[in-house]
Amino acid sequence: MSTEPMPGSADVPSLQELRSRALAAAAPRPYGADAAIACDRVVKIFTADRVEVQALQGLDLTVDRGDLVALVGASGSGKSTLLNILAGLDAPTAGSARVDGRDLLAMSAKERLRYRREVVGFVWQQTARNLMPFLTAEQNVALPMQLRGERSTPAAARRRRQRTAELLEALDIGELARRRPAELSGGQQQRVAIAVALANEPAVLLADEPTGELDTDTAAGIFDAFRTVNRELATTVVIVTHDPMVAGEVRRTVAIRDGRTSSEVLRRTRIDEHGTETVSEREYVMLDRTGRVQLPAAFLTALGMQHRVAADLATDHIQLRPDDTA
Ligand SMILES: Nc1ncnc2c1ncn2[C@@H]1O[C@H](COP(=O)(O)OP(=O)(O)OP(=O)(O)O)[C@@H](O)[C@H]1O
């Protein structure tokens, strides 16, 4: 007698189940489905005094989970607009933006609030804006966990105290736990702000000019803190900055120009067999999903390229030359 289970029994999926599994596997996955951040042709239009400003003009950006990325660009290029969208503080006019798999265009007001509390952490430039002045450092860090709506059981309170202590320790300010913001330096306040932003274990930590109000040495310490958080807590970190020092501090620097990502610099560290470390840097221009690239202005000026260029396909590269019919 056969011991094979019958089709449709508990061990063997039915034909219907097999069909829906196959359909699910074959279904197109949303763009950047596995990425921490996936922006696809994001547009943001502001209207002020009946004048429209296109702050983002079809911006593409993918950030992998666990990455540490700096966003740079001239004033007015759209960096803060992008960060506000990623933070769930503002909604895009068009395009698609996903953070940790959540569609930022499709969230209700309630989901958006929850998203801001649980999925993203935010550090602002103004040190005072990040913290409640009348609470101590540890009370500030515990606050987002309390607001999350957890029941106030002794076990929950213990967990909160433990996470607060771990975060303050990881950020090197364990001994300052009982101080209020006014009793802390600007750099120490930003460290507390990072701990606050991380309290609910966000998938992504966003920071807008977090060192803008700090001197160079203190700023270097804060970048170190972001690196530590990225490395030890595996948090994805995106920092908007004007600070030229940052490019030398992070693996990936993305430049935004006129509301679009225009180029990026990747840094790689290699250690040879003698233990000698070398850092190589390469600049890339962005290629969008329709095949458009934005060439660096300096390259175009150097070769006097305007309006159109001659493009030829070689075996392993594409050649672009000035228009020779002009
Ligand atoms: N709420 C708003 N209403 C109208 N226009 C706005 C608004 N916010 C930003 N803009 C405009 O959108 C464009 C992009 O601004 P954004 O603040 O994103 O630039 P940025 O790169 O962050 O600049 P900065 O480095 O100076 O902070 C600018 O032209 C700005 O004037």
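In which sense do strand 3 and strand 8 pair, and over how many bridges? I looked this pair up at the outset: strand 3 (residues 68-72) and strand 8 (residues 236-240) pair in the parallel sense over four bridges. Pairing here requires that DSSP finds at least two bridges between two strands. Within this pair, I noted that Leu-71 stands opposite Val-240 of strand 8.

**Basis.** I worked on a predicted model, in which local features need pLDDT of at least 70 and side-chain atom pairs count only at pLDDT 80 or more, while totals for chains, interfaces and linings use all residues. Residues are numbered from 1 along each chain as its sequence is written.

**Whole chain.** I find nine helices and 13 strands in the protein chain. Helices (H or I, at least four residues) and strands (E, at least two) are DSSP runs, numbered from the N terminus. Along the principal axes, the C-alpha atoms fill a box of roughly 80 × 75 × 65 Å. Of the 326 residues, 31% count as buried. A residue is buried if 20 or more other C-beta atoms lie within 10 Å of its own, exposed if 12 or fewer, and partly exposed in between, with C-beta atoms placed from the backbone. Among the contacts with a separation of 6 or more, 63% join residues 24 or more positions apart; a contact means that the C-beta atoms of two residues, placed from the backbone, lie within 7 Å.

I then traced the open sheet of seven strands, whose order is 6-7-8-3-9-10-11, with mixed pairing. Its edge strands are strand 6 (120-123) and strand 11 (277-285), each pairing on one side only. Neighbouring strands are turned by 20° against each other on average, direction ignored. Axes are lines fitted to C-alpha atoms, for helices over the stretch in contact, and angles run from 0 to 180 degrees between N-to-C directions.

**Helices on the sheet.** Helix 2 (residues 79-86) lies across strand 3, strand 6, strand 7 (204-208), strand 8 and strand 9 (252-257), and runs at about 150° to strand 7. Helix 7 also packs on the sheet, where it touches strand 6 and strand 7; its direction makes about 165° with that of strand 6.

**Helix 5 and helix 7.** I recorded an angle of about 25° between helix 5 (residues 137-147) and helix 7 (residues 186-198), with their axes 7 Å apart. The two helices are therefore roughly parallel, the term for angles under 35 degrees; over 145 counts as roughly antiparallel, 65 to 115 as roughly perpendicular and the rest as oblique. Ala-137, Asn-140, Val-141 and Pro-144 of helix 5 make the contact with Val-192, Ala-195 and Val-196 of helix 7. I sorted these residues into six nonpolar, one polar and no charged. Nonpolar covers Ala, Val, Leu, Ile, Met, Phe, Trp, Tyr, Cys and Pro; charged covers Asp, Glu, Lys and Arg; the others, Gly among them, are polar.

**Ala-55.** Is Ala-55 buried or exposed? I found Ala-55 in strand 2 (residues 51-63), and it counts as buried because 24 C-beta neighbours lie inside 10 Å. Leaving out residues up to four places away in sequence, Ala-55 touches Lys-44, Phe-46, Gly-78, Thr-81 and Gly-259.

**Hairpin.** Lastly, I examined strand 12 (residues 309-313). Strand 12 forms a hairpin with strand 13, with four residues between them. Strand 12 and strand 13 (residues 318-322) pair in the antiparallel sense over five bridges, and Asp-312 has Gln-319 of strand 13 as its bridge partner. Strand 12 is hardly covered, as the count of buried residues among its five residues is zero.
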